[in-house]
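Hello,

Please find the structure we talked about below. My notes on it follow, in plain terms.

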Amino acid sequence: MILVSAFFLWFSFGYEIGTSRRMGPGYFPLVVSSLGVLIGIALIASGLRFEAPLPRVAWRPALTVSAGLIAFGLTVTSLGLLPATVLLIAISAVGNPENRLGAVLGLAVAGTVLAWLIFIVGLSVPVPSFAGVLSWI
C-alpha cells in the first residue's frame, strides 16, 4: 500500500497542485496518496506492536474475484456492459463454495439492472448495453 501510494504521490507532483480553494489536477492525487502512505505506516506500526499469527490467505476468493474483474475488463467493450456484468458476478461467485445457483442468479440480475441504471441511464456512460454478437438484443 505504501509503495503504490508513494508511486502516485511522486507522479502527483508532475501536475499543478494548486491550493485548497483553487485545486489543480494534482491536488486530489496528492491528498489521497498521502493518506495512503500514512495509513500504510499506521498499519505497519500497529502490526509491529501486537504479535499475532498471520491469517491464512483465502486464495480461491481472491483469484476468482480477480479473474472476474479481468474478464469484465476484457469483455465490456466486446460484449457490452450487461453481459460483462453477469460474467463478472458469475466468475466471482465461484470463489465461495457455499453460494447457491438461485442466489447467484438473483445477484446477477440485481447487479446487472443496477449497473444499467447507474451507468447507462443515470450517468450516460458511452458503453453499449450489448455489443458484438449480442448487439441485436
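This is a predicted model: local features need pLDDT of at least 70, side-chain atom pairs count only at pLDDT 80 or more; totals for chains, interfaces and linings use all residues.

Thr64 is located in helix α3, which covers residues 59-75. Is Thr64 buried or exposed? Thr64 counts as buried because its relative accessibility is 13%, and the cut-off for buried is under 20%. Leaving aside residues up to four places away in sequence, Thr64 touches Ile91, Ser92, Val94 and Gly95.

Helix α4 consists of residues 81-93 and helix α5 of residues 101-122; their axes come within 9 Å and cross at roughly 140°. The crossing of α4 and α5 is right-handed. Which residues of α4 meet α5? On the α4 side they are Leu81, Leu82, Thr85, Val86, Ile89 and Ala93. On the α5 side they are Val104, Leu107, Ala108, Gly111, Thr112, Ala115, Trp116, Phe119 and Ile120. Sorted by type, the residues of this contact are 12 nonpolar and 3 polar, with no charged ones.

Leu107 belongs to helix α5. From Leu107 to Ile89 is 18 residues in sequence, and their C-alpha atoms are 7.5 Å apart in space. Leu107 is classed as exposed because its relative accessible area is 52%, and exposed begins over 50%.

Ile44 is part of helix α2, residues 27-49. Its relative accessible area is 49%, so Ile44 is partly exposed. Ile44 and Gly73 are 29 residues apart in sequence, and the distance between their C-alpha atoms is 32 Å.

Last, the aromatic rings. How many aromatic pairs are there? The count comes to 2. In one of them, Phe7 and Phe8 are arranged edge-to-face, with 5.3 Å from centre to centre and 80° between the planes. Phe7 is partly exposed, at a relative accessible area of 46%. Phe8 is also partly exposed, with a value of 48%. Ring pairs join Phe7, Phe8 and Phe11 into a cluster.

Regards

Methods: Residues are numbered from 1 along each chain as its sequence is written. Side-chain values use heavy atoms; hydrogens and water are left out. Axes are lines fitted to C-alpha atoms, for helices over the stretch in contact, and angles run from 0 to 180 degrees between N-to-C directions. Helices (H or I, at least four residues) and strands (E, at least two) are DSSP runs, numbered from the N terminus. A crossing is left-handed if the near helix is turned anticlockwise from the far one by less than a right angle, and right-handed if clockwise. Contact means heavy atoms within 4.5 Å. Ala, Val, Leu, Ile, Met, Phe, Trp, Tyr, Cys and Pro count as nonpolar, Asp, Glu, Lys and Arg as charged, and the others, Gly among them, as polar. Buried means under 20% relative accessible area, exposed over 50%, partly exposed in between (1.4 Å probe, protein chains only). Rings of Phe, Tyr and Trp (its six-membered ring) pair if their centres lie within 6.5 Å; planes under 30 degrees apart count as stacked, over 60 as edge-to-face and the rest as tilted.
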